Amino acid sequence: MHQNIMIEQRVYKSKLAQEWAEKALKAKSKNGVKILFEDIVSTVSVYTGKHYWDLENYTIYQLQTDYHRINKLKEYDTSIQIMCVSGKGNLGHFSEHVDLFKDPYDDVFIDKEQSKLGSVFG
């Protein structure tokens, strides 16, 4: 699973916690962009100039890494353009680390200390 960048679904002890986790993940992905594997392959092909038969020998990890690096480079270019126009923006480094193994379940539930409401309710 690690080699194919797959994250195992978490199973919570409480049925209620399981339902809330699923709802939270569904809500987060609702506004997300739908990207299929074909989209990743075509993006890497077009951006790098490699033909599909060249990418045939790539592993899923290599395709994902190239795709996310392309995404980071395009994000960097866009940030520079926004900063030039508005004078504001956040410019991260173009070769900043890309975490392909980030577990989506890590951000489902937050601690009371992390929550802005935590300080209000004590």
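Tutor: Start with one term. A residue is called buried when its relative accessible area is under 20%, and exposed when over 50%; in between it is partly exposed. Take K72: its relative accessible area is 16%, so K72 is buried. One caution as we go: this is a predicted model.

Student: What share of the 122 residues in the protein chain is buried?

Tutor: Buried residues make up 16% of them.

Student: How many helices and strands does the protein chain have?

Tutor: Five helices and zero strands. Read from the N terminus, the elements run α-α-α-α-α.

Student: How far can I trust a prediction like this?

Tutor: Look at pLDDT, the predictor's confidence in each residue, from 0 to 100. Where pLDDT is low, the predicted coordinates should not be read in detail. Here the chain has a mean pLDDT of 79, and 78% of its residues reach 70 or more.

Student: In which element is confidence lowest, and in which is it highest?

Tutor: Confidence is lowest in α5, with a mean of 47, and highest in α2, with 94. Over residues 117–122, pLDDT stays under 50. For that stretch the model has two contacts beyond four places in sequence.

Student: Back to K72, then. Which residue does its side chain meet in a salt bridge?

Tutor: The general idea comes before the case. Side chains of opposite charge can pair when their charged atoms come close. In this model K72 pairs with E96, at 3.6 Å from N to O. The cut-off is 4 Å, so the pair qualifies as a salt bridge. The pair links distant parts of the chain, 24 residues apart. K72 sits in helix α4 (residues 60–86), and E96 in the loop between α4 and α5 (118–121).

Student: Is E96 buried or partly exposed?

Tutor: Partly exposed, because its relative accessibility is 38%. The count of salt bridges comes to one.

Student: Which residues form the largest nonpolar core?

Tutor: Again, the idea first. In soluble globular proteins, nonpolar side chains tend to be buried together. The largest nonpolar core here has seven residues: I40, V41, V44, L55, L63, Y67 and I70.

Student: Can we zoom in on single members?

Tutor: Leaving aside neighbours within four places in sequence, V44 is in contact with G49, L55, L63, D66, Y67 and I70. Now I70, which lies in helix α4. I70 is buried because its relative accessible area is 7%. Beyond four places in sequence, I70 touches T43, V44, Y47 and T48.

Student: Which other residues of α4 are buried?

Tutor: The buried residues of α4 are L63, Q64, Y67, I70, K72 and S79. What covers them includes α2 and α3 (52–55). S79 counts as buried because its relative accessibility is 17%. S79 touches N90 and L91, not counting residues up to four places away in sequence.

Student: How do I check a helix's length?

Tutor: Compare the expected span with the distance between the end C-alpha atoms. For α4, 27 residues at 1.5 Å a residue should span 39 Å; the ends are 38 Å apart, so the two agree. Helix α1 (residues 15–30) has 16 residues and should span 22 Å; its ends are 23 Å apart, which agrees.

Student: What is found at the ends of these helices?

Tutor: S14 caps the N-terminal end of α1, with a side-chain oxygen 3.2 Å from the backbone nitrogen of L16. After α4 comes G87, whose phi is positive, near 80°.

Student: Is S45 buried or exposed?

Tutor: S45 counts as buried, because its relative accessibility is 9%. S45 is found in helix α2. Beyond its neighbours within four places, S45 is in contact with K50, H51, Y52 and L55.

Student: And where does D39 lie?

Tutor: Also in helix α2. D39 is partly exposed, because its relative accessible area is 32%. A polar atom of the D39 side chain lies 2.8 Å from the backbone nitrogen of L36. D39 and Y67 are 28 residues apart in sequence, and 9.6 Å apart in space from C-alpha to C-alpha.

Methods: Residues numbered from 1 in each chain as written. Heavy atoms only, no water. Helix = DSSP H or I, 4+ residues; strand = E, 2+ residues; numbered from the N terminus. Buried < 20%, exposed > 50% of the residue type's maximum accessible area, 1.4 Å probe, protein only. Core = buried A, V, L, I, M, F, W, Y, C linked by side-chain atoms within 4.5 Å. Contact = heavy atoms within 4.5 Å. Expected span 1.5 Å × (residues − 1). Polar contact = N/O pair within 3.5 Å; in protein donor to acceptor, adjacent residues only side chain to side chain.
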